[in-house]
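I opened this notebook to keep track of what I looked up in one structure. The entries follow the order in which I went through it.

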Amino acid sequence: MKPGRLKQILLLTDGCSNHGEDPIAVAALARNQGITVNVIGVLDDRQQGKPQGLDEVESIAEAGGGVSQIVYQKSLSQTVQMVTRQAMTQTIQGVVNKELQEILGKDQTIEELPPEKRGEVVEVVDDLGERCDLEVLVLVDTSASMHHKLPTVKEALYDLSLSLNARTGSNQFSVYTFPDQKKTIRKMVDWTPELGEINGIFSKLLSGGYTPTGPALKEALYAFTEKPMFQSMQDGVDPYEETGF
């Protein structure tokens, strides 16, 4: 199997949406378009228990076919890397399971294979995870309660870039924030293979008081439809070709 191109939205937030359309419905739309939505709920290090608003984190990720995690600031960097890689593996496993069902029958999955065959398939999944092309759009909630967490977010994204660039497959990252006074989301970093340039951007951000997560996710989808056209022409790839393996 040849590696394909995986597309992810990584949403970093600390509360529930309170403006605009339902983010769970938008996440389901993204999934239908072949874009996985992962969500990390960021807690204060001194915060006790999970706030009610972060229940939405799990629902958005589930609808988007992705991975969710509630995490304290101090563990954010490790969690961002883990969630991104776990979502890659989960997506590839889904593709492999579909192939298995076409070959062996509709009820056949990786988990139901004999141990020796299962091990071989897991190796294939791991190999594809290293070689596939990856596009990660990072969507950062900059509502008022997130302001003091942004330096930690910056460090986590830089570490993510370093970690994933150890793969043999190509990486493309972009960073958007919301809310924005003029637009729903604001482009902070255009598509790039490395996130080293994020050092100066987070100190310039103005925090807003509301959280339009649904509209922000919807706007983020357009960044994927705009980006592949130019990038794919450079790579000699048909920009309308479906993601696959």
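**Ground rules.** I noted that this is a predicted model, in which local features need pLDDT of at least 70 and side-chain atom pairs count only at pLDDT 80 or more, while totals for chains, interfaces and linings use all residues. I also noted that residues are numbered from 1 along each chain as its sequence is written, and that side-chain values use heavy atoms, with hydrogens and water left out.

**Pro215, continued.** I placed Pro215 in helix α6, residues 213-235, where helices (H or I, at least four residues) and strands (E, at least two) are DSSP runs numbered from the N terminus. Pro215 has 14% relative accessibility and therefore counts as buried, since buried means under 20% relative accessible area, exposed over 50%, and partly exposed in between, with a 1.4 Å probe and protein chains only.

**The whole chain.** I listed six helices and six strands, and going from the N terminus I wrote their order down as β-α-β-α-β-α-α-β-α-β-β-α. The chain has 245 residues, of which 49% count as buried. Of the contacts between residues at least 6 apart in sequence, 77% join residues at least 24 apart.

**Helices α1 and α2.** I looked up how helix α1 (residues 23-32) lies against helix α2 (residues 55-63), and found that their axes come within 7 Å and cross at roughly 25 degrees. The two helices are therefore roughly parallel to each other, as angles under 35 degrees count as roughly parallel, over 145 as roughly antiparallel, 65 to 115 as roughly perpendicular and the rest as oblique. On the α1 side the contact is made by Pro23, Ile24, Ala27, Ala28 and Arg31, and on the α2 side by Glu56, Ser59, Ile60, Glu62 and Ala63. I sorted these contact residues into six nonpolar, one polar and three charged, where Ala, Val, Leu, Ile, Met, Phe, Trp, Tyr, Cys and Pro count as nonpolar, Asp, Glu, Lys and Arg as charged, and the others, Gly among them, as polar.

**Gln69.** I found Gln69 in strand β3, residues 65-72, and at 31% relative accessibility Gln69 counts as partly exposed. Setting aside residues up to four places away in sequence, Gln69 touches Val39, Ile40, Gly41, Val57, Thr79, Met82 and Val83.

**Ser174.** Apart from neighbours within four places in sequence, Ser174 is in contact with Val136, Leu137, Val138, Val189, Asp190 and Trp191. Val136 is 38 residues from Ser174 along the chain, and their C-alpha atoms are separated by 6.6 Å.

**Pro179.** I looked at the peptide bond between Phe178 and Pro179, which is cis, with omega about 0 degrees. Most peptide bonds are trans. Pro179 sits in the loop between β5 (171-178) and β6 (186-192).

**Glu130.** My last entry concerns Glu130, which I placed in helix α4, residues 115-131, and which counts as partly exposed at 32% relative accessibility. Not counting residues up to four places away in sequence, Glu130 touches Arg85, Arg167, Thr168 and Gly169.

Conventions: Contact means heavy atoms within 4.5 Å. Axes are lines fitted to C-alpha atoms, for helices over the stretch in contact, and angles run from 0 to 180 degrees between N-to-C directions.
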